[in-house]
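Keep the viewer open as you read.

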Amino acid sequence: MSRPLISPSLLSANFANLQADIERINRSEADWLHIDIMDGVFVPNISFGFPVLKYVGELSEKPLDVHLMIVNPEKFINEVKGLGTMMMNVHYEACVHLHRVVQQIKDAGMKAGVTLNPSTPVAMLADIIRDVDMVLLMSVNPGFGGQKFIMHTLEKVKELRELIARTGSQALIEVDGGVNLETGRLLVESGADVLVAGNAVFKAPDMVDMIHQLKSL
């Protein structure tokens, strides 16, 4: 079993001193930097705007894993690309024409990810799974950090792994929400490839060491 990719979630960082936290991530074994963009419509909260994210993109030495929790995400493909984004994640529930949006993301030169809310079945991806580079399973309801991990996500990871194997898809499986050393181990055992960790990393006494521990799961 290969080691998981680790994508620390900037939503849990110290907003008063983002530069210091990003520099710690740069020094760590983290593979990506996860950025949640919220609009206050699709989810109850508002997070980062593009003027702030412009500087995050300039400071980060890690590839950007951008998760849009917004309606009509296709309107912002160029702005997301302008950050130097590697992976753009859009919600299945927010895209009426999901296949078109996935192709637009790829045409812009980014990898395309599709995100599922906890109540959205994995089976809904059957017609798009071969076209995406990653599926992000939310293991909490999106919009807030620090929520408790939904254990049913483990079954969804296994189901998604079976769908990927059956269809010959090359999609990675990413999980976001309530990820720590305990739930991270269970997720890796269930077949997850990428772990998004927020509070577990940014609230740890030693962020770099915590990322090392997650990487070693």
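A residue counts as buried when its relative accessible area is under 20%, as exposed when over 50%, and as partly exposed in between (1.4 Å probe, protein chains only). Helices (H or I, at least four residues) and strands (E, at least two) are DSSP runs, numbered from the N terminus. What you have here is a predicted model, where local features need pLDDT of at least 70, side-chain atom pairs count only at pLDDT 80 or more, and totals for chains, interfaces and linings use all residues. Residues are numbered from 1 along each chain as its sequence is written, and side-chain values use heavy atoms, with hydrogens and water left out.

Start with strand 4 (residues 85-91): 7 of its 7 residues are buried, so the rest of the structure largely encloses it. On one side, strand 4 pairs with strand 3 (residues 64-69) in the parallel sense over 5 bridges; pairing takes at least two DSSP bridges between two strands. Asp65 has Met87 as its bridge partner in strand 4, and Val66 stands opposite Met88. To get from strand 3 to strand 4, the chain passes through helix 3 (residues 77-82) in a right-handed β-α-β crossover. Right-handed here means that, with the strands pointing away from the viewer, the path from the first strand over the helix to the second runs clockwise.

The loop between strand 3 and helix 3 holds Asn72. This residue has a positive phi of about 50° although it is not a glycine. Most residues other than glycine have a negative phi. Asn72 is partly exposed, at 33% relative accessible area.

Strand 4 is also joined by 5 bridges to strand 5 (residues 111-116), and the two run parallel. His91 has Thr115 as its bridge partner there. Strand 4, helix 4 (residues 98-107) and strand 5 make another β-α-β unit, and this unit is right-handed.

Now zoom out. The open sheet has 8 strands in the order 1-8-7-6-5-4-3-2, with parallel pairing. Its edges are strand 1 (5-8) and strand 2 (33-38), each of which pairs on one side only. Helix 8 packs on this sheet and touches strand 1 and strand 8 (194-197), where contact means heavy atoms within 4.5 Å. The direction of helix 8 makes about 145° with that of strand 1; such angles run from 0 to 180 degrees between N-to-C directions, with axes fitted as lines to C-alpha atoms, for helices over the stretch in contact.
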